[in-house]
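This report describes the confidence, charged contacts, surface patches and selected backbone features of one protein model. The sequence and structure are shown first.

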Amino acid sequence: MSGVRIKDLQSAKSVIEQGFDQFEFVVDSPDPDATLNVSDAELKKAIGTEKHIHPLEEVDGLPGELEKKFDKAGGTITGNIRVDGNARMKNLSIDEYLEVPELKYNRITATGNEFWVTDAGVIDDVFDDDDGIFLVTLKEKPGEITINFQYKDILRGIFYTQDQNGKPTGFKTAYFEVTGIIDDIHFDCISLNGVLPERFMTLAPQGNKTNPNRQGSIYLDGLNKWIRVLDGVYDDKIEQKNIKVQLGDLSEINHPVFG
């Protein structure tokens, strides 16, 4: 059996797993007439590496490197992070999306000044094909239907603008017409007021050019203090004839009977 390597032996794995600690190894000695047999267990005990149980603060250089990652001076952590427990932060800035099963803040649900009760979508990417038609990719909704738009839908989107220093300068309202549905997350559209679609913009359909069954919605405006039920909306303009019900501030309503 001399000269045969263990990896070449059939069923060597089972033999090793059953009693490797009892195997004996021949160790060369300066005396040519003497040999030393050492078992695997004795070998590990003599030269093996013990498990490190040092506290982190005692490992040279490690605390400083960790602090660079987490203090306000900066540092970048790449890859996925999972925290099994509670985390508390003073400030949190998110470059893309925040997804949570439940969002609570003093048990109050809040949104911007405008809130539309209708099927909405968030733009994840936009491609301009240079002929005024935009290919829009919506952010997928796992377990849900992502795209609820249809041909000739009138979409409304609002997003805040910033200056070169990242400070808010106001907001723009965009209107788009759906010119084609491609698949579950892609559709084509054109701009109706010259404002281009932007990534992260939320789109809400407020009407449809040809389908009367898709020309209504419920609209809450916290800035102007009203709740409106709309119908018959077939372009980017909402006129008084489209307001079927309005609750709250009625100062802009000129009713043919009530004034």
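## Model and confidence

The confidence of the predictor in each residue is expressed as pLDDT, on a scale from 0 to 100. For this protein the average pLDDT is 78, and 64% of the residues score at least 70. Confidence is lowest in helix α3 (residues 62–70), with a mean of 60, and highest in strand β8 (residues 186–191), with 95. Helices (H or I, at least four residues) and strands (E, at least two) are DSSP runs, numbered from the N terminus.

The model is predicted, so local features need a pLDDT of at least 70 and side-chain atom pairs count only at pLDDT 80 or more, while totals for chains, interfaces and linings use all residues. Residues are numbered from 1 along each chain as its sequence is written, and side-chain values use heavy atoms, with hydrogens and water left out.

A salt bridge is counted where a side-chain nitrogen of Lys or Arg lies within 4 Å of a carboxyl oxygen of Asp or Glu. By this rule the protein has 7 salt bridges.

Glu177 takes part in a salt bridge with Lys152, at 2.9 Å from N to O. Lys152 lies in the loop between β5 and β6 (153–162) and Glu177 in strand β7 (residues 168–181), so this pair ties together parts that are 25 residues apart in sequence. Glu177 also forms a salt bridge with Lys209, where the closest N and O atoms are 2.9 Å apart.

Residues are classed by relative accessible area as buried (under 20%), exposed (over 50%) or partly exposed (in between), with a 1.4 Å probe and protein chains only. Lys152 and Glu177 are both buried; the relative accessibility of Glu177 is 4%. Lys209 is partly exposed, at 37%.

## The network around Arg199

Salt bridges link Glu96, Asp124 and Arg199 in a network. Within it, the side chains of Glu96 and Arg199 meet at 3.4 Å, N to O. This pair also joins distant parts of the chain: Glu96 belongs to the loop between α3 and β3 (114–117), Arg199 to the loop between β8 and β9 (202–208), and the two are 103 residues apart. Glu96 is partly exposed, with a relative accessible area of 47%, and Arg199 is likewise partly exposed, with 37%.

The loop between β8 and β9 also holds Phe200. The phi angle of Phe200 is near 80°, a positive value in a residue other than glycine. Phe200 is partly exposed, at 35% relative accessibility.

## Surface patches

Patches consist of residues with over 30% relative accessible area and no salt bridge; like charges are joined within 9 Å, and nonpolar side chains (Val, Leu, Ile, Met, Phe, Trp, Tyr) within 5 Å. Lys and Arg count as positive and Asp and Glu as negative, whereas His and the chain ends are not counted. The place of a charge is taken as NZ of Lys, CZ of Arg, CG of Asp or CD of Glu. Accessible areas come from the Shrake-Rupley method with a 1.4 Å probe, and for residues only the protein chains shown count as cover.

A patch of negative charge on the surface gathers Asp128, Asp129, Asp130 and Asp131. Asp129 sits in the loop between β4 (121–128) and β5 (133–138) and is partly exposed, at 33%.

A nonpolar surface patch comprises Phe115, Val117, Ile218, Ile227, Val229, Val245 and Leu247, together presenting about 540 Å² of accessible area. At least two of its residues come from each of β3, β11 (226–230) and β12 (243–248). Val245, in strand β12, is partly exposed, with a relative accessible area of 39%.

Lys225 is placed in the loop between β10 and β11. Its phi is near 65°, a positive value in a residue other than glycine, and Lys225 is exposed, at 54% relative accessibility.

Lys241 occupies the loop between β11 and β12 and is partly exposed, at 48%. Between Lys241 and His255, 14 residues apart in sequence, the C-alpha to C-alpha distance is 9.7 Å. Lys244 belongs to strand β12 and is exposed, at 51%. The C-alpha atoms of Lys244 and Gly216 are separated by 9.6 Å, with the two residues 28 apart along the chain.
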